[in-house]
Amino acid sequence: MSLSLAVDAGGTFTDLVLTDTASGHTWIAKTPSASDPTEAVPDGIAKVCDAAGAGRGAIASLHYGSTAALNVLLTRRGATIGLLTTAGFGQILHLARSQTPGPLVGWLSWVKPDPLVPLELTREIPERVRADGTVEVPLDTEAARRAVADLAERGAEAIAVVFLHSYANPDHELQVRRIAGDMAPDLHVTLSHEVLPEYREYERAMTAVVNTYISPSVSRSLQAFGSRLHAEGLDCTVNVVRSDGGLMSSDAAAVRPVETIVSGPSGGVAGALAVATAAGFADILTLDMGGTSTDVSVCTGGEALISRDTVVGDHPVRSPSVDVRSIGAGGGSIAFVPELLRGLRVGPASAGAEPGPVCYGRGGDRPTVTDANLVLGRLPAGLLGGEITLDREAAERALSLLGSDLDMSAHETAQAVVDIANEKMAGALRIMSVERGLDPRDYTLVAFGGAGPLHGNALAGLLGCFPVLVPPSPGVLSAYGFHTVGHRNTFSRTLIRELRAGKDKDVTKAFSEMVDRAQAWLNAQGLTGGVLAYTCDLRFLRQGYEIEVAVPTGDGGEVLIDALAERFRSEHQRLYGFVPEAPIEMVNVRVEARGPAAHIAPKPQTVVPGDGDQARASTEQVYQQGGWTEAGVYERDHLRPGDAVSGPAIITQTDTTTFVHGGHVAVTDAWANLLISPEDSK
Amino acid sequence: MTAEAAAVDLATLEIIESALLNIREEMDAVVLQSAMSPIIREQHDEFPLVTDAAGNMLVGQFGSYVPLLLETFGDEIRTGDVILQSDPYLCGGAIQHTPDWLVLAPIDFDGERVGYASMFGHVLDCGGTVPGSMAATATSIWDEGIRIPPVKLFAEDRLNVDVLRIILNNSRTPEMNEADLMALVAACRTAATRVQDLCRRFGTATYQRACDALLQRTRDAMAAIIARHIPTEPVNFTDVVDDDGQGNGPFEMKLTVWREGEKAFFDWTGTDPQAPGPINLATHEGMFKMFVGIYLIMAFDPEISFNEGFHDLIEVILEPGSLVSPEFPAPLGLLNITLARHFDVIQGVLALCAPEFAAGAGYGSSPALTYSGTDDRGEYFQLGEISYGGLPGRPAGDGMDGHSWWPLFTNIPTEYIESYFPVTVQTYRSIPDSGGAGHRRGGNGVEKVYRFDSDGEITIQDDRWQSRPWGWAGGLPGDLSHKMLHRAGGETEHLPSKCDVVAVEAGDSLSFITAGAGGLGDPLRRPVESVLRDVRGGLVSPEAARRHYGVALTEDLQVDEAATEQLRRSGGSDSD
């Protein structure tokens with residue numbers, strides 16, 4: 001038996017999914033995370049190996065994702081780092097893009113986050129490269145030497161080097177690396193053109209600086225993780241999950257951790273795609289609703305959309321990531337009545353895990369979305385298989401108090417809180433789809449995370465995106481997703497030029513250089529059967545944003561410029577509804593290399609139509625459309641493929657609860673997914 | 001169902017409001033992604049708006065100009081029509097200079113008018129005597145390019161090609177303007193579709209009642225704020241615009257505020273007459289009310305929705321023929337400067353009413369540079385860039401160095417500028433000590449040094465080169481703005497803050513310095529460690545630390561505790 005293990009080390013829980021790579025069979029385990037994410041791992045491995053009845057020696061590979069890098073950044077516990085810039089631009093982080101938030105007078109109350117590198121650890125180095133890559137002022141190597149020595153003396157563990165136009169000519173940045181290597185071999189050095197060889201200096205600087213800031217602690221943590229595995233008797237390859245839903249080697253992740261910051265959400269989307277495509281749905285919206293926030297994404301044709309820009313906390317980072325939008329509405333979002341407006345608002349403030357919702361009885365006294373769901377009868381009295389008991393009366397008191405301000409009963413208030421939270425999520429999903437020229441009604445909603453299956457039915461109603469698909473283990477979908485992805489790496493560079501009809505040898509040459517690098521990388525990883533995808537960012541001359549378009553090539557590998565231009569125009573028409581009469585300009589060219597994924601999809605089981613009565617545990621009163629109705633409570637574990645459960649119904653399982661609205665039916669399919677649709681559409 | 005005739009339930013109300021906010025966000029997204037002018041695209045000089053059928057603004061940043069625009073237009077507006085207009089004098093100042101192009105589309109559902117979507121954006125050029133269409137030398141609006149009266153750009157979804165041709169023929173940058181215009185239209189159409197979806201989902205009657213309720217509850221909240229914070233005794237505040245670019249000035253702006261019953265009065269009487277030069281501000285009453293409203297909301301309860309439900313609670317008094325209510329055909333191109341000062345005055349007068357507004361003045365302008373010419377391949381180029389400066393010390397903390405007073409505006413990346421224009425940016429930094437000292441330090445102004453790599457001409461607009469941005473409650477004023485042209489031959493010319501078409505040659509460089517901001521509160525109360533951090537970061541000099549903050553530092557930038565204590569005890573300044 002050859003096994004593969006996925007570990008998703010989150011803030012609250014560490015999820016493990018073990019897969020038999022031959023049969024596709026999986027075993028799961030969930031264990032509380034410790035302050036050091038690696039500490040939870042031995043316990044988790046013991047649990048999951050016991051479940052599988054397997055020895056650790058059988059685990060051949062391990063896919064690892066963790067929120068460690070993200071937390072280091074969000075809690076500002078990264079390294080002391082220095083920054084070298086082109087002379088005249090030392091305040092690049094301080095001035096940022098000069099932007100203050102809206103609306104008008106937003107600056108009056110805005111608290112500007114401190115840059116990750118203080119000005120006193122920034123040094124300007126005389127040197128200048130022009131936009132075309134020519135050198136106007138050679139690097140002052142003596143100044144660079146002094147700066148490195150000075151920063152190291154002041155305690156910098158790592159430095160970032162950000163010189164203007166280094167994407168067009170990286171020589172000066174490379175020289176600094178050699179200088180630093182000679183002087184201080186232990187210093188981590190991040191060169192901006194290596195993390196992002198694209199123009200726009202602030203975004204490149206931020207990407208380089210974030211990388212520098214987290215790299216010492218991430219590389220230490222990966223080392224500790226490796227040692228821990230070794231001590232546990234695991235001697236397997238460790239791959240780290242990237243933000244774009246690919247894998248990278250542990251060594252590469254230690255050097256470019258910025259590419260792994262949002263690995264958790266990317267795993268969730270990959271997992272959702274895997275279960276949905278296996279069940280025959282290639283176009284999906286994902287809804288990952290947790291305690292404090294909800295992540296949503298749009299996937300078309302079985303592929304996640306990749307965004308080049310991500311904002312992590314206060315930090316804009318230009319690194320490929322699965323295009324996930326985070327909304328400040330989760331189970332723990334607090335409902336309140338603003339003093340002067342007398343409206344009802346939900347979030348973004350959250351009760352978090354501590355004190356948590358009122359019903360957790362841990363000191364929370366402000367009603368949350370979870371409290372509202374409980375009062376409406378949609379949640380059972382215990383969560384996580386009885387580990388947490390919920391205090392329904394306390395939740396009702398809190399909502400009743402809130403409602404008394406608004407002349408609403410506890411139940412009406414609870415209903416309003418849930419509806420408002422749903423509208424926020426629907427709005428985010430709608431904007432996301434519309435921005436991409438897509439119609440949500442053509443999509444299937446995949447609901448997961450602790451609270452996603454409670455809200456999925458209502459959201460699909462708002463967006464018209466039935467059926468709702470609830471995967472078999474919605475609480476560990478991200479770890480499951482880690483199994484479904486292969487190695488991935490992106491090679492890009494800025495190449496600004498107008499597209500002219502006919503052939504362009506320079507463009508073809510730029511691609512063939514990147515193909516060589518991509519191929520060399522695939523070989524170095526020992527990957528066979530890799531796939532290369534060519535894309536480029538195009539825009540109309542001087543337009544603000546680029547559209548990424550797949551690049552058509554001819555037999556000899558030459559780029560077909562005319563076909564490319566046509567593809568761009570039709571994409572522009574689709575996205576924005578018009579096509580200007582303007583020259584087209586290429587900005588960035590990119591080759592993405594993907595290794596094969598080892599994932600084996602589970603086999604479908606036989607479907608036998610049934611009513612799920614064997615899984616019915618009890619009957620509860622639920623509040624719907626202004627009144628109380630009876631709802632069946634079902635145990636998910638006892639539902640069989642083909643069972644159709646009519647709403648209103650509550651379907652419980654250890655890691656989540658699914659609510660099926662009246663007039664809807666939830667069918668268990670051949671892969672054990674729940675598919676919820678309106679009754680009349682059967 | 002008797003309840004149905006009554007008010008809309010709260011959940012529906014919140015949902016419709018949330019949906020309207022999403023619509024606004026979507027309009028921005030559509031425009032930002034497909035507009036071409038860097039002023040819209042990189043600097044976000046574009047403003048969306050959705051109104052109800054009567055033209056009341058439901059979401060947006062500015063008060064609605066729609067009723068007046070409809071009145072001016074006169075003709076019936078049919079489904080599928082799109083109105084375009086750019087004449088400030090024909091819309092009561094809804095747009096305030098000719099490069100702002102405004103489009104408006106009706107929103108109809110089931111044969112009924114349910115609202116309007118509108119948006120304006122700043123196009124790069126609309127003709128006139130100088131590139132960019134904002135000539136400091138303009139003596140009337142006839143010098144400021146094409147003025148488009150309200151016309152149907154689309155009549156029932158059909159593009160009026162002839163109108164478009166005439167308009168674009170009057171711009172130095174027709175392709176960009178066309179793309180910008182179509183982006184604005186696309187945004188309005190998106191908004192219309194979304195509002196129609198809401199009507200379909202909730203029913204038109206419910207949607208309309210919800211709109212009414214949203215307006216009403218903002219009015220109620222604002223009434224409470226006005227009653228609490230606006231005094232019945234008049235208070236006033238005065239500030240100046242330095243000059244009009246033609247040797248006239250300074251121009252005083254005076255605002256007096258008081259409350260009578262539930263109404264607040266904002267009276268500009270005492271403001272100087274309109275200027276011969278183009279700094280006149282055509283104030284739109286609705287827009288002014290919204291500005292005041294936003295100030296109050298942001299300071300007292302940001303949960304309050306911005307809509308114009310409260311407009312009858314505010315009375316505005318403007319003297320025709322004054323700087324804030326000029327008469328046709330006074331030139332308007334540089335109104336942004338007066339607009340900025342008018343915000344300083346609003347801020348100052350509100351600070352007298354409520355300590356939540358206690359803050360200094362910011363860089364007080366919209367500093368702009370235009371550089372145009374013909375490059376070595378014989379192609380015309382035109383770079384337009386807006387700069388930023390110091391933001392005031394405020395209750396929430398220090399003022400930002402070199403940031404934008406105007407929300408969401410961004411600077412243009414140097415790597416972008418240098419990729420497209422024959423120019424090299426040699427320095428981009430904030431200037432030490434240019435922000436006024438204070439318990440909360442005023443933000444520093446910025447210096448950007450451009451080296452021109454091709455012959456061409458430059459146009460500059462700025463202010464605060466003679467009157468320093470004031471501090472508050474013991475905070476010191478910020479430094480003045482300044483423009484220096486260093487000729488390749490070695491001599492330096494000091495340029496006025498407003499000048500048109502100055503010829504430059506390859507190798508000349510321009511040092512473009514913006515004003516700092518005023519500080520808030522006594523500098524001697526500023527924590528020593530904050531002063532130390534500023535000095536070590538190069539934002540404040542050791543001399544200023546000593547002189548203004550009473551903080552003595554050693555050679556290697558450590559705090560000299562004893563000397564500091566003595567300085568601070570003796571009232572700070574060691575009298576140099």
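Guide: Of the 682 residues in chain A, 55% are buried, a residue being buried if 20 or more other C-beta atoms, placed from the backbone, lie within 10 Å of its own, exposed if 12 or fewer, and partly exposed in between. This is a predicted model, in which local features need pLDDT of at least 70 and side-chain atom pairs count only at pLDDT 80 or more, while totals for chains, interfaces and linings use all residues. Residues are numbered from 1 along each chain as its sequence is written, and chains are lettered from A and ligands numbered from 1 in the order in which they are written.

Chain A contains 16 helices and 37 strands; these are DSSP runs numbered from the N terminus, helices being H or I of at least four residues and strands E of at least two. Its radius of gyration is 26 Å, close to the 26 Å of the globule rule for 682 residues, so chain A is as compact as a globular protein of that length. Here the radius is taken over C-alpha atoms, and the rule is 2.2 Å times the number of residues to the power 0.38. Along the principal axes, the C-alpha atoms of chain A fill a box of roughly 80 × 60 × 60 Å. Among contacts in chain A between residues at least 6 apart in sequence, 66% join residues at least 24 apart, a contact requiring C-beta atoms, placed from the backbone, within 7 Å.

The part to examine lies between two domains, whose bounds come from an automatic or database domain assignment. Among the domains assigned to chain A are domain 1 (3-73 + 220-260) and domain 2 (78-104 + 112-218). The C-alpha centres of domain 1 and domain 2 of chain A are 33 Å apart. Where they meet, eleven residues of domain 1 of chain A are in contact with eleven residues of domain 2 of chain A. On the domain 1 side, α2 (68-74) and α7 (201-231) of chain A each supply at least two residues. The most comes from α2(A), with four residues. By class, this side of domain 1 of chain A has eight nonpolar, one polar and two charged residues. In this count, Ala, Val, Leu, Ile, Met, Phe, Trp, Tyr, Cys and Pro are nonpolar, Asp, Glu, Lys and Arg are charged, and the others, Gly among them, are polar.

Terms used: Contact = placed C-beta atoms within 7 Å.
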